[in-house]
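Dear colleague,

Please find below the structure for your review. My notes on the findings follow it.

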Amino acid sequence: MKVFSKTDIGKRRTENQDRVWAELLGTGEFGAAAVVLCDGMGGENAGSFASETTTNFISERIKRGFRPELNRNSIRNLLITSVTAANNLVYDLAEYDQNMIGMGTTCVGAIVFEGRAYIINVGDSRVYHVFGDSIQQITKDHSYINKLIDDGEITEEEGKTHPKRNCLTRAVGAEPLLTPDYYEIELHDDSILMLSSDGLHSYGEDVNIAEIIVNNPVSKICDKLVDYALETGGRDNITVAVISVK
């Protein structure tokens, strides 16, 4: 199993509010990999603080809590409780610091172990599953635009240029109570799990993203995806991570 990540400020931003942690969790008879990726929101340094606090908190919980003897339900609980606890932490910090009011962050996390991917999501960062020549978006965006699309009020193409395309309906730290989405999927021998902030997928096409992933060595995928996002304009921070089961 292999895991890689990369983050880039992009061409338009003065600060990178994205954060990512990607790591192999074991060696020897068992192997697992995990990623936590967050895209902060908030003025001045608040977005960066929210994303960094959340990434560090959840990654530490995973490193301390993951063991090869955990069953599927235990891994699910580890991810859900880690994200909800991070939400409480970020929300409370914002309540006590006037400079941090309104801060929050997206968060996608994944643990890959024994042929399965365990995935958690809040916000509009995403997880994709790529296998063969196929690409499948696993997570569902918690965004105002996605609600409009689901309700049939606008098309996906119209959503890409909608003035409220950056408005989230769910974020870590935004509300005192949070219910993250949870997904669990079986992987194939050639599966690659790709996590990204919206600086990649909001400005690129899934078919182009899949082509890059399929046609490059796994060690080069993150570099190539960031290059692709920069070529499409680099209008936001760009962060990607990949886990390959090979």
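Helix α1 (residues 46–65) and helix α2 (residues 72–96) have axes 9 Å apart and pack at an angle of about 145 degrees. Axes are lines fitted to C-alpha atoms over the stretch in contact, with angles running from 0 to 180 degrees between N-to-C directions; helices (H or I, at least four residues) and strands (E, at least two) are DSSP runs, numbered from the N terminus. The contact (heavy atoms within 4.5 Å) includes F49, F57 and I62 of α1 and L78, V83 and L93 of α2. By class, this contact has 13 nonpolar, five polar and one charged residues. Here Ala, Val, Leu, Ile, Met, Phe, Trp, Tyr, Cys and Pro count as nonpolar, Asp, Glu, Lys and Arg as charged, and the others, Gly among them, as polar.

This is a predicted model: local features need pLDDT of at least 70 and side-chain atom pairs pLDDT 80 or more, while totals for chains, interfaces and linings use all residues. Residues are numbered from 1 along each chain as its sequence is written, and side-chain values use heavy atoms, with hydrogens and water left out.

The whole structure holds one aromatic pair (rings of Phe, Tyr and Trp, the last by its six-membered ring, with centres within 6.5 Å; planes under 30 degrees apart are stacked, over 60 edge-to-face, the rest tilted). The ring centres of F66 and F113 are 5.2 Å apart and their planes lie at 85 degrees, so the pair is edge-to-face. F66 is in the loop between α1 and α2 and F113 in strand β5 (residues 107–113), so the pair ties together parts 47 residues apart in sequence.

Yours sincerely
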